[in-house]
Amino acid sequence: MATVKDFRNEVKPNWCPACGDFSVQAAIQRAAANSGLEPEQVALVTGIGCSGRISGYVHAYGFHGIHGRSLPIAQGVKIANRELTVIASGGDGDGFAIGIGHTIHAIRRNIDMTYIVMDNQIYGLTKGQTSPRSGAGFQTKSTPMGAIEPALSPMEVALASGATFLAQSFSSNIKQLTDLIEQAIRHKGFSLVNVFSPCVTFNKVNTYDWFKEVLKDVSEIPGYDPSNRVAAMTTLMETNGLVTGLLYQNEQQLPYEERIPGFRQEPLVRQPIALEEAEFEKMMNSFA
């Protein structure tokens, strides 16, 4: 059985010291090992940004896509090979700005995969511009007078889009984060795990200390039921999204793959692609 060490490679991350992404990487590696997976059973697909580099830092199949396009690639990988545990990952700019259209439709499609977003409320790789997750008044190089738009509420958007698994964590709480990723991997359907991952270089507002002061865990809410969608939405609105834990899970809705008529259990990559001559002729004649 694989251990955490088996999911490590010799590539050293070049993130800034104390970046929250280090903990996310460790949590993914721990969750994969705790789930009984082998490196060759995992595919990690990422987009652009500091967080997008994570696909090169984990010993598994990796694909570094383009900005905002990790989800189309990851969904294609899962459809082609149902045996793989597919994890897509990226930052809040990647998933909630240029890629938000893909995010919404991946959520409603409900393919059996996991999406981990490292949410630092800023564009870090391009040296600190305002992102869709930056709050009103947030001052950066792109908004020197302060952002005039309110921050996007991605968890509310996800829930309204039909999410069947929705969780949120904080990069400094690696135990909780690891557990949530394990649950996301086990969930049959699309799982979204948003991680507050502070950018220590460019974001001097949403810091580790700030998050520790404002975040509330659902375990602190008496009687919280993660199967109650209305309660999940209410909690997100009442806490301004600053809540962690398993927010919502719907185990009744079938994943996309099980709703495709005639979709075989055997992965496409293992199915023969050659056509019998008679079948080929029949296809060609249909265009006559």
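## Packing of H2 against H4

Axes are lines fitted to C-alpha atoms, taken for helices over the stretch in contact. In this predicted model, such axes for helix H2 (residues 70-80) and helix H4 cross at roughly 30° and come within 9 Å. Angles under 35 degrees count as roughly parallel, so H2 is roughly parallel to H4.

On the H2 side, the contact is formed by Leu-71, Pro-72 and Gln-75, which meet His-102, Thr-103, Ala-106 and Arg-109 in H4. Divided by class, the contact of H2 with H4 comprises 3 nonpolar, 3 polar and 1 charged residues.

## Packing of H1 against H6

Two packed helices are described by the angle between their axes and the distance between the axes. For helix H1 (residues 21-34) and helix H6 (residues 174-186), the angle is about 50° and the axes lie 8 Å apart. H1 and H6 are therefore oblique to each other, and their crossing is right-handed.

From H1, the residues in contact are Ser-23, Val-24, Ala-26, Ala-27, Ile-28, Arg-30, Ala-31 and Asn-34. Their partners in H6 are Ile-174, Leu-177, Thr-178, Ile-181, Glu-182 and Ile-185. The class count for the contact of H1 with H6 is 9 nonpolar, 3 polar and 2 charged residues.

Rolling a probe the size of a water molecule over the atoms shows where empty space is left. How many cavities of 30 Å³ or more are there? The count comes to 1 cavity, and the largest cavity holds about 50 Å³ of space.

The lining of the largest cavity is made up of Phe-96, Ile-100, Thr-103, Ile-104, Ile-107, Leu-152, Pro-154, Val-157 and Ala-158. Helix H4 (100-109) and helix H5 each supply at least two residues of this lining, with H4 giving the most, 4 residues. By class, the lining of the largest cavity has 8 nonpolar residues, 1 polar residue and no charged residues.

## The largest pocket

The largest pocket contains about 360 Å³ of space. Its lining consists of 22 residues, of which Arg-133, Ala-151, Trp-210, Asn-240 and Leu-242 are the closest to the pocket centre. The elements that give two or more residues to this lining are helix H5 (154-160) and helix H7 (208-214).

Which helix gives the most to the lining of the largest pocket? That helix is H5, with 3 residues. H5 also supplies at least two residues to the lining of the largest cavity.

Notes
Residues are numbered from 1 along each chain as its sequence is written. This is a predicted model: local features need pLDDT of at least 70, side-chain atom pairs count only at pLDDT 80 or more; totals for chains, interfaces and linings use all residues. Side-chain values use heavy atoms; hydrogens and water are left out. On a 1 Å grid over the protein atoms alone, a cavity is a set of points where a 1.4 Å probe fits but cannot get out, and a pocket is an open set with protein on both sides within 12 Å along at least five of seven lines; lining residues have an atom within 4 Å of a point. Grid points are joined across faces, edges and corners, and a volume is the space filled by probe spheres set on the points. Axes are lines fitted to C-alpha atoms, for helices over the stretch in contact, and angles run from 0 to 180 degrees between N-to-C directions. Angles under 35 degrees count as roughly parallel, over 145 as roughly antiparallel, 65 to 115 as roughly perpendicular and the rest as oblique. A crossing is left-handed if the near helix is turned anticlockwise from the far one by less than a right angle, and right-handed if clockwise. Contact means heavy atoms within 4.5 Å. Ala, Val, Leu, Ile, Met, Phe, Trp, Tyr, Cys and Pro count as nonpolar, Asp, Glu, Lys and Arg as charged, and the others, Gly among them, as polar.
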